[in-house]
Amino acid sequence: MDGLEAMENLVRRARLEQPPATDVAAAAIGRIRAGAGRPTVRILPLSLLAAAAAVAAVVVLALAVQAWTAPADPQTALFPTVEVAAL
Amino acid sequence: MPAAQRRFLGKAIQLAAGVLAMYNASTVDETDRQDIAASLGGDEAAFARLIRRYEPAVAALAWRFTRDGAAHEELVQDVFVEVYFSLDGYRGDAPLEHWLRRIATRVGYRFWKRRSREARQAPLADLDPPAAPGETDPAAAGAAVHALLSHLAPPERLVLTLMYFDDCSVNEIAKSMGWTRAMVKMRAYRARRRLKAIAQREHLLERLGWTG
């Protein structure tokens with residue numbers, strides 16, 4: 001028998017053990033009433049993140065509107081009027 | 001009827017029986033359903049009934065995580081407090097006990113992680129029942145297993161505890177803890193290897209009088 005087999009034999013015996021009885025209903029309900037264990041959400045980090053995202057969105061929107069309303073396609077600047085001059 | 005059709009029909013009947021069995025197994029008990037609905041409506045008495053109904057199962061599972069009486073009682077309380085605040089997430093697609101066991105396992109695992117930061121390992125000194133393997137006192141055997149497993153890291157310890165005590169499969173552990181199957185297999189392998197080394201280092205067989 002090696003250590004693992006001994007362990008498995010111990011587990012087989014341990015499974016027959018009766019765990020101690022508990023009576024937690026009153027205490028658990030008392031804690032629930034007191035609000036203990038309620039998942040808490042921390043507002044401040046979420047608010048900061050939301051504010052930063054909003055600022056970034058406004059900047060992007062402003063740039064997008066500016067580009068959209070530009071009188072000409074900005075890419076036209078890449079094609080100088082060389083051809084016209086040649087004619 | 002040709003043999004192929006008979007085989008097909010037999011398979012179809014087997015499949016239907018399996019689906020029906022799964023459906024029956026996952027049906028939530030009507031009393032539970034009523035108590036859950038009432039608890040969600042704020043009825044404390046209904047939640048107390050739920051606690052009393054499932055407390056033995058949760059307490060038995062929590063006993064795998066700690067053998068300290070006060071910590072055990074607190075752990076069982078923690079489970080039911082968490083159950084209360086998660087009750088609206090219970091979809092009823094599995095028996096309530098399965099869902100409770102999953103929560104209890106996670107609460108117990110968190111407890112181990114907290115304790116492992118405090119580096120608490122149960123002493124192996126009380127491994128003294130020199131009895132034949134089949135005659136060891138269950139409580140002494142439980143204490144010995146607890147002490148040995150406490151030398152493993154929480155993830156490895158959890159995998160072996162669930163496999164040894166609850167006959168959980170790799171799939172069940174993976175689903176319960178949100179781990180991948182490969183991760184569970186690797187942790188089980190490492191846990192067994194470490195456990196073997198610990199048993200050797202601590203002279204487990206000699207202490208138990210099981211040598212020779």
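How many helices and how many strands does the secondary structure of chain A come to? Select chain A and take a look: four helices and zero strands. Helices here are DSSP runs of H or I with at least four residues, strands are runs of E with at least two, and both are numbered from the N terminus. From that end on, the elements go α-α-α-α.

Before you click further, keep in mind that this is a predicted model, where local features need pLDDT of at least 70, side-chain atom pairs count only at pLDDT 80 or more, and totals for chains, interfaces and linings use all residues. Residues are numbered from 1 along each chain as its sequence is written, while chains are lettered from A and ligands numbered from 1 in the order in which they are written.

Of its 87 residues, 13% count as buried, that is, with 20 or more other C-beta atoms (placed from the backbone) within 10 Å of their own.

**Next stop: where A meets B**

Show both chains. Here 28 residues of chain A are in contact with 39 residues of chain B; contact is taken as C-beta atoms, placed from the backbone, within 7 Å. On the chain A side, pick out α1 (3-14) and α2 (25-34), each of which supplies at least two residues. The largest share, nine residues, comes from α1(A). Colour that side by class and you get 18 nonpolar, four polar and six charged residues. (Nonpolar is Ala, Val, Leu, Ile, Met, Phe, Trp, Tyr, Cys and Pro; charged is Asp, Glu, Lys and Arg; the others, Gly among them, are polar.)

**Now hide A and stay with B**

Chain B has ten helices and zero strands. Of its 212 residues, 30% count as buried. Among the contacts in chain B with a separation of 6 or more, 64% are between residues 24 or more positions apart.

Colour 1-120 as domain 1 and 122-212 as domain 2; these bounds come from an automatic or database domain assignment. Where they touch, domain 1 of chain B gives eight residues and domain 2 of chain B gives nine. The domain 1 side divides into two nonpolar, two polar and four charged.

**Last stop: a helix pair**

Select B 170-177 (α8) and 181-201 (α9): they pack at about 115 degrees, axes 9 Å apart. The axes are lines fitted to C-alpha atoms over the stretch in contact, and angles run from 0 to 180 degrees between N-to-C directions. α8(B) and α9(B) are therefore roughly perpendicular, a label for 65 to 115 degrees. Show side chains for B:V170, B:N171, B:I173 and B:A174, which meet B:R181, B:V184 and B:K185.

Notes
Contact = placed C-beta atoms within 7 Å. Parallel < 35°, antiparallel > 145°, perpendicular 65-115°, else oblique. Buried ≥ 20, exposed ≤ 12 C-beta atoms within 10 Å, placed from the backbone.
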